[in-house]
Amino acid sequence: MTSSVEAAVADAHRHEWAFVLAATVRVTGDIDVAEECVQDAYARALASWPNRGVPARPGAWLTTVARRRAIDLRRRRSTHDRSLPRLVRAAVTDPDEMEIDADADGRAVADDRLRLIFTCCHPAIAPEAQVALTLRLLCGLTTVEVARAFLVNEAAMAARITRAKKKIAAAHVPYRVPSAEELPARLDAVLTVVHLLFTTGHTAPAGADLVRRDMVERSLDLARMLHALLPDDPDVTGLLALILLTDARRPGRVDDSGQMVLLADQDRSDWDRAVIGEGVALVREALRRRPPGRFALMAAIAAVHAESPSWNATDWREIVGLYSLLLAIWPSPVVALNRAVAVGFADGPEAGLDALDALATEPVLAAYSYLASSRADFLRRLGRVTEARLAYQEALLLTENAVEREFLENCLRRLGH
Amino acid sequence: MAEYLVLIYEDETAWDNVEPDRFGKIMAEHQSFGERHAKVIRGGNALQPTGTATSLRKDTSGGYTVTDGAFAETKEALGGYYLVEAADLDEALAVARDVPAPFGGVEVRPIRTFD
């Protein structure tokens, strides 16, 4: 019983946090105070639901409790706290209208969740703070959890969040959905943050596990939320498709003993076909806009892999073509690297090696283990064992992820002496 | 309404070597910027180059050390400013984007109020 209540609270925390917070900001007009009230509401749920049962609509219950707490605080604080700077200036709902059904202003609150994420991902805030604020305010993670996700110590993360909140208040970073003309650029910043969360989870930069499941799930939740709020935006659709299609292959990426398995060697019957189906349908939708955006193109590449029956049957020409389109709209060295690797599979290791060597002077890639490990793989296939060994050793110097390191060490061992 | 100071940071050597025609053009751009945003501009000035600056720093004996030059030597130096009124940072940035600063850029700082 208790554990099912705990699960219900955890589920409400994961799925309703942003909604409850946004609805509470409507009452407090301030994010900091609203956060406090929402935390309090979740604590009360833990205390009350075991006796009174899980409410039919947990989000509505939590919203009502958090809002009541907000009114309480406002009455108590109104006299002496007036001078505190507000984090945002949101329109405040009249307390008399507060007991209305939480659904009644659901549409407005949905809009408020967008305001919240656009405030968190404002370009005037440092990128690493954008990510941290998004996890805090949209996903309800504690500072400790955010710190753990990014391998930063707690004090440093707390300082980062405090500094960002101060800037939002002092510089009046607006709490609103950007106008139609600003929207594409501002939305791109939001999607970049969500994508960064996903990639951080998908291949953890350090630590014992290859995948940080929690970060992947948070990014998927955010992408689903954005897609529900902006269903017609092809970039949002593209990002959701990309996350689904990449994550659908997760069950094949690590074997039973926790070792990393390359795409080429994965058992494709492990892949989640239902998720792939959902992702492919979304990719088709996202590709309708011409020219397609970067997330739609990345998702299309993931879809080619996901739908290919085997590694050998992969349409590498299609993949090289998609990477070329991607490189044209997003000239990033990492995209160029991925394209070069695909060239190696489409036209043979010699061609791949040439394409990789053309990128050798790219400073961004110098510290990137994937360039060295890809070179190593092409060299091995060409029988250039000594050079391959050096390249694997170089790749080992560049990654801290335990699973990736083990994989590279195995490759080295297999090369022999 | 909040106020923001838009600080213009530019490369002074570029200004030293500017052709008279170009100089006139930039001045005209400031003129039209001022007219375009007259409603929200609360003030503004161009500054003499940092070579004319004098800096004062408190010394250990309670007095001041007076030195020739700007407080901090940077490639792009503060060369002028506008004080603008705006509802929020986005509005301020929209005005700041129009400030002519061909040899550098601008920094937008919210004005602090004490009440």
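1. In this predicted model, the buried residues of helix α13 of chain A are covered by elements that include α8 (183-202), α10 (234-247), α12 (273-286) and α14 (316-329) of chain A. Of the 14 residues of α13(A), 12 are buried, and the helix is accordingly described as mostly covered. The buried positions include A:R294, A:F295, A:L297, A:M298, A:I301 and A:H305, and several alanines are also buried, among them A:A296, A:A299 and A:A300.

2. The length of α13(A), residues 294-307, agrees with expectation, because 14 residues at 1.5 Å a residue should span 20 Å and the end C-alpha atoms are 20 Å apart.

3. One of the helices covering α13(A), namely α14(A), also packs against helix α15 (residues 333-347) of chain A, at an angle of about 160° and with the axes 9 Å apart. The two helices are therefore roughly antiparallel, an angle over 145 degrees being the criterion. Their crossing is left-handed.

4. On the α14(A) side, the residues that meet α15(A) are A:W316, A:R317, A:I319, A:V320, A:Y323, A:S324, A:L326 and A:L327. Their counterparts in α15(A) are A:V335, A:A336, A:N338, A:R339, A:A342, A:V343, A:F345 and A:A346. By class, this contact comprises 12 nonpolar, 2 polar and 2 charged residues.

5. Regarding the contact between the chains, chain A contributes 7 residues and chain B contributes 6. The side of chain B that touches chain A consists of 3 nonpolar and 3 charged residues, with no polar ones.

Note on methods. Residues numbered from 1 in each chain as written. Chains lettered and ligands numbered in written order. Predicted model: local features only at pLDDT ≥ 70, side-chain atom pairs only at ≥ 80, totals over all residues. Helix = DSSP H or I, 4+ residues; strand = E, 2+ residues; numbered from the N terminus. Expected span 1.5 Å × (residues − 1). Buried ≥ 20, exposed ≤ 12 C-beta atoms within 10 Å, placed from the backbone. Contact = placed C-beta atoms within 7 Å. Nonpolar A, V, L, I, M, F, W, Y, C, P; charged D, E, K, R; others polar. Axes fitted to C-alpha atoms, helices over the stretch in contact; angles between N-to-C directions. Parallel < 35°, antiparallel > 145°, perpendicular 65-115°, else oblique. Left-handed = near helix turned anticlockwise from the far one by under 90°.
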